[in-house]
Amino acid sequence: MRVMLFGIVTVGTLGCRKPLPPPVASDDPFAALRAPVLDPLRARFSFKIDAPRLGLEGGTGGALIVDRPGRMHFAVLGPLGGAMATAQTDGAGASVVLRRQSQHFWVDSLDATVRGWMGEELGLDGVVGLFVGQVPLPDDPSTLRAADDGSHSYVRSQPGQGTMMVRLAGEPLHPSEVRIDDANGQERLTLRYGEFRSTDAGRLPKEWSLSVPSMELTLDVRFKSWEPLETAPEVFSTAAPEGFASAEWTGRLAPR
């Protein structure tokens, strides 16, 4: 059960920090959304989980390391600060390590699985981007629709693959909600953001809440800090630690 949880939350070699892209035009309505976020970066956070089907409830702290495209390391920390469990992706495959049980689970083609579940345009790196507040933007600003509460929204869709609705709020605009529905209009996941703040790594969310109805899962994450790194630590390998029992992950991202 824990394996399914960490698979949903996910989302090495040393790499130099990527250079900043040129600034966007000030008259761009999506200027703040296009503003670059530095990586590699590290975040520390606390979270609460409610997942009765998985037998999981409660909260603890964790650390997140992102090195795009597509590389992410998510660690659940114990009371003394050591990692109790980790999930990591190298941009294509992924693994989960449960240290207390000395267990390792792996999947080779998570990027292909994510594209099949969420639509071809949102692969593994797109999901990593959502976790740091980077959302796919509309091709045409005229598709932006204003609501009475002052928010704005737009929809990205693909024939036969469902829709992604993005809601924006605040000044400057930042994501407030991303909802992904399947081709039948059933909710697959919703990610709701709190306020964003300026950090040394860029504008990043203070908190977000993830809901996956098919798994009866909600995960509330509150970030304590974001910081850019000069180099990414070697934490993205999907290989099994020495002495750990290893098996292919057969959990499913798709609803039943």
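Modeller: A residue is buried if its relative accessible area is under 20%, exposed if over 50% and partly exposed in between (1.4 Å probe, protein chains only). This is a predicted model, in which local features need pLDDT of at least 70 and side-chain atom pairs count only at pLDDT 80 or more, whereas totals for chains, interfaces and linings use all residues. Residues are numbered from 1 along each chain as its sequence is written, and side-chain values use heavy atoms, with hydrogens and water left out.

Biologist: Are Phe131 and Trp208 buried or exposed, and how many residues apart in sequence are the parts that their pair ties together?

Modeller: Rings of Phe, Tyr and Trp (its six-membered ring) pair if their centres lie within 6.5 Å, and planes under 30 degrees apart count as stacked, over 60 as edge-to-face and the rest as tilted; nine aromatic pairs result. Phe131 and Trp208 form one that is stacked, at 5.3 Å centre to centre and 20° between the planes. Phe131 lies in helix α4 (residues 124-131) and Trp208 in strand β14, so this pair ties together parts 77 residues apart. Phe131 and Trp208 are both buried.

Biologist: Why does the pair of Tyr193 and Phe196 count as tilted, and what is the angle between their planes?

Modeller: Tyr193 and Phe196 are both buried. Their ring centres lie 5.7 Å apart, and the pair is tilted because the planes stand at 50°.

Biologist: Which strands does β14 pair with, and which residue of the hairpin takes a positive phi?

Modeller: Strands are DSSP runs (E, at least two residues; helices are H or I, at least four), numbered from the N terminus, and two strands pair given at least two bridges. Four bridges join β14 (residues 207-212) to antiparallel β11 (residues 187-193), where Thr190 stands opposite Ser211. On β14 there are also six bridges to antiparallel β15 (residues 217-228), with Asp220 as the bridge partner of Ser209. Four residues lie between the strands of the β14 and β15 hairpin, and the positive phi, near 50°, belongs to Glu216.

Biologist: Is Ser151 buried or exposed, and which residues is it in contact with, leaving aside neighbours within four places in sequence?

Modeller: Ser151 sits in the loop between β7 (145-146) and β8 (152-158). Its relative accessibility is 4%, so Ser151 counts as buried. Beyond those neighbours, its contacts (heavy atoms within 4.5 Å) are Arg145, Ala146, Arg167 and Leu168.
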